[in-house]
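I opened the notebook to log what I looked up, entry by entry. The contact between the chains comes first.

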Amino acid sequence: MNKFRLSAWTFAAATALTPFTTQAGQIEWLQWFAAEDTSGYYDQLVADFEAAHPDITVKLVTQPFGKVRESIVTDNAIGVGSDVLGLNMPWTKEFLDIGILEPLDEYLTREGNSFAAGDLVEAPLGKIEGHTWMVPLNAFPFVMHVNMGLVRQAGFEAPPTTWEEFAEQAKAISALEDGISGIGMPFSSQPPSNGPILTFLPLLYANGGRIMDGSTPDFDNPKVVETLQLLKDMQDEGGIAPGAASRTGGVDLEEFIAGRTGFLISPGVHSSAITGRNAELDYTLVRVPSNGEQAYRVHGWELGISASSDNKDDAWTFVNYLLSPEVNAQAAQAANALPGNLKALDVVREGADPTLIKQIDILEGDTPVEEMRQSPKAAGSWAVMTEEIQAMLRGDKTPEETAAAVQARWLELAQ
Amino acid sequence: MASTGIQARMINEERQQRWRRFGIYAALTIVTIILVFPILWMISVSLKPTTETFSLPPRLLPEEFHWGGYAKVLSDPKFRTFLINSYIVGLAVTFLSLVIGTLAAFGFSRYRFFGDRVAKLFVITTQMVPTITLLIPYFGVIVFLGLYDTLWGLILTYLTFALPYSIVMMNGYLDTIPKDFDEAATIDGCSPLGVLVRVLLPVAVPGIISTAVYTFLLAWNEFLFALALTRSMEMRTVPVGISMMVGEFGLKWDEMMAFSVIGSLPVLVLFMLVQRFVVGGLSAGGVKG
């Protein structure tokens, strides 16, 4: 009797602690999007999909953003990779080298898709090695967040639109009082801070510059040098908050929310954190100050299918569902982002946060740019950029020397 | 004259002693402040709105107590799941490592057998391998065993880290108990297991408690393997839950710190309750009597 009880307890404990094994028609979706969401939207999204597709079940696997890249690589190596992958564009080349991603060209041309490929945000669709590897769920354009209170206090009526006005206002705001600065530049090497890709690249794109020529590094061009010169001049004039070399994107955001910096260049999605946490801030958002060009850096939440998935068709059914205008609009609203399917824009506008509507309006007609996905080793590349820009801001290198040093190190990295 | 000299020397010694005591207390106060400040700051941030967290000059006491972080964390069922999982894993690892570790330590302490020294050395050397290097092999083994994304996988993994420590600690502690006890119990008719359970374990309570606290802390605080070996929200533990609050677009400081406080409480309370035993157990296990 005792032995029977012991066995029963053991079995019960084993059942309670062990999840059911994978069944046919079950797919996994590895992403970090649900960790960013506080409303439970993604659970509801999965439930709605399963209700509409009773033969497919979706397991939502959520990781913190800082660990997703490693998880995808490790899971793939061990053979437990998910079917649908949440992706960040800069990871593309690295994943292709390991063979993690399935080409999506054939899927995109399937009849019965809920969207037209031409309606999707273009940046992630560009071909690498002759194929398209990911589709956009959401798009986060980079904008400049402005503390209008500080701008007015410094004697200006409107936020800057040109580089000249930008440098002038940043300097004037820094001169207001101790502890207040024009803008923060997060050039910390500490991961997951992305350093220059947050601030330097948006300014470069607004200057009409690029850092890649196809898949070849092209960092030592005159546009890059001009943009580096802008940063150097602003630093020398005191427009940039002290401690750029140890400043992370997170600190930069918190400093802006606390009202200690006049400007913040970052994804537009930060507007909800800013207005949500400091309702008293006299806040607006504008296009990143331009030197004549109307292009903006775009970041996104992308979707891909694992090359090792046993359920690729089911995985595509799910991706197709996510890209349908109705669902895609909901996903965009939940993330306070622009939709990956531009057909969803009108739906997104209805009842959207005013800051999101403003992003849609100010960026209409501008060119979205994302180059890091073409870089052979994106994480390594931006670490090199960070180190060299830190050296420039310390006064160890001129902008020309900085550009040349990054270019040389990138070429070495590419080899 | 001599008595005046003696008196002066005594006064001098007393003064020196007072200064020495003052120095010790000053050093202890500084060290305590350094150790306690992060905990106080964690509690402080958990009770502030985020705007106040980054206010200058920094303030330890919030202007107004903000309970939003706690309300959010306590009302969200997924955080309760993280806590329950951490308790299951922590208690299971503690129980199993104590049972297996004590039996193994009893063998090492009371019996001489072929290869016992090599076996003991092997147990100690397993502690010298950096855990990060074991991640991929463990990952493979856990997947092979079909324990990936289960609490059993975590329990088994932590057991491999906790067991060597338990064996070494309990062995050290049992070595301090004279063998006369065993002999007397054997004469009275006790079996070897009876000697362990009825005679040695009651005397070894401080050692058992300090070992239990260490293994529980190990399982409770571990992050890397908990993240790598689990996949679904239903299997996550407290440290992974806290890391989920470090988002791509910012940190939920108040919620993160509120959950950190809630996650630290069991460990703090546990340690405060058994602190006496832990210190005694560690020193007794560390020095062979």
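**Chain A against chain B.** I counted 29 residues from chain A and 27 residues from chain B in the contact. Contact here means that the C-beta atoms of two residues, placed from the backbone, lie within 7 Å. On the chain A side, I found two or more residues each from helix 2 (33–36), strand 2 (57–62), helix 4, helix 11 (249–257) and helix 12 (270–277). Helices (H or I, at least four residues) and strands (E, at least two) are DSSP runs, numbered from the N terminus. I sorted that side of chain A by class: 15 nonpolar, 8 polar and 6 charged residues. Nonpolar covers Ala, Val, Leu, Ile, Met, Phe, Trp, Tyr, Cys and Pro; charged covers Asp, Glu, Lys and Arg; the others, Gly among them, are polar.

**Source notes.** This is a predicted model, in which local features need pLDDT of at least 70 and side-chain atom pairs count only at pLDDT 80 or more, while totals for chains, interfaces and linings use all residues. Residues are numbered from 1 along each chain as its sequence is written, and chains are lettered from A and ligands numbered from 1 in the order in which they are written.

**Domains of chain A.** I took the bounds from the assignment: domain 1 is 2–140 + 299–361, and domain 2 is 141–298 + 371–414. Such bounds come from an automatic or database domain assignment. Over C-alpha atoms, the two domain centres of chain A lie 30 Å apart. In chain A, 22 residues of domain 1 touch 19 residues of domain 2. Helix 4 (65–78), helix 5 (92–98), strand 4 (135–147), strand 10 (295–305) and helix 16 (354–363) of chain A each give at least two residues to the domain 1 side. I sorted that side into 11 nonpolar, 7 polar and 4 charged residues.

**Helix 14 of chain A.** Is this helix buried or exposed? Helix 14 (residues 325–335) of chain A has 9 of its 11 residues buried, so it is largely enclosed by the rest of the structure. Buried means 20 or more other C-beta atoms within 10 Å of the residue's own, exposed 12 or fewer, and partly exposed in between, with C-beta atoms placed from the backbone. Among the buried residues I noted A:Val327, A:Asn328 and A:Gln330. Their cover includes helix 3 (41–52), helix 13 (312–323) and helix 15 (345–349) of chain A. After helix 14 comes A:Asn336, with a positive phi near 55 degrees.

**Chain B overall.** I counted 13 helices and 2 strands in chain B. Its radius of gyration is 25 Å, whereas a compact globule of 289 residues would be near 19 Å. That radius is taken over C-alpha atoms, and the globule rule is 2.2 Å times the number of residues to the power 0.38. The C-alpha atoms of chain B fill a box of roughly 80 × 65 × 35 Å along the principal axes. Buried residues are 35% of chain B.

**Domains of chain B.** The assignment gives domain 1 (2–53) and domain 2 (68–286) in chain B. Their centres are 34 Å apart, taken over C-alpha atoms. I found 8 residues of domain 1 of chain B in contact with 8 residues of domain 2 of chain B. Helix 1 (2–46) and helix 2 (50–53) of chain B each supply at least two residues of the domain 1 side. Helix 1 of chain B gives the most, with 4 residues.
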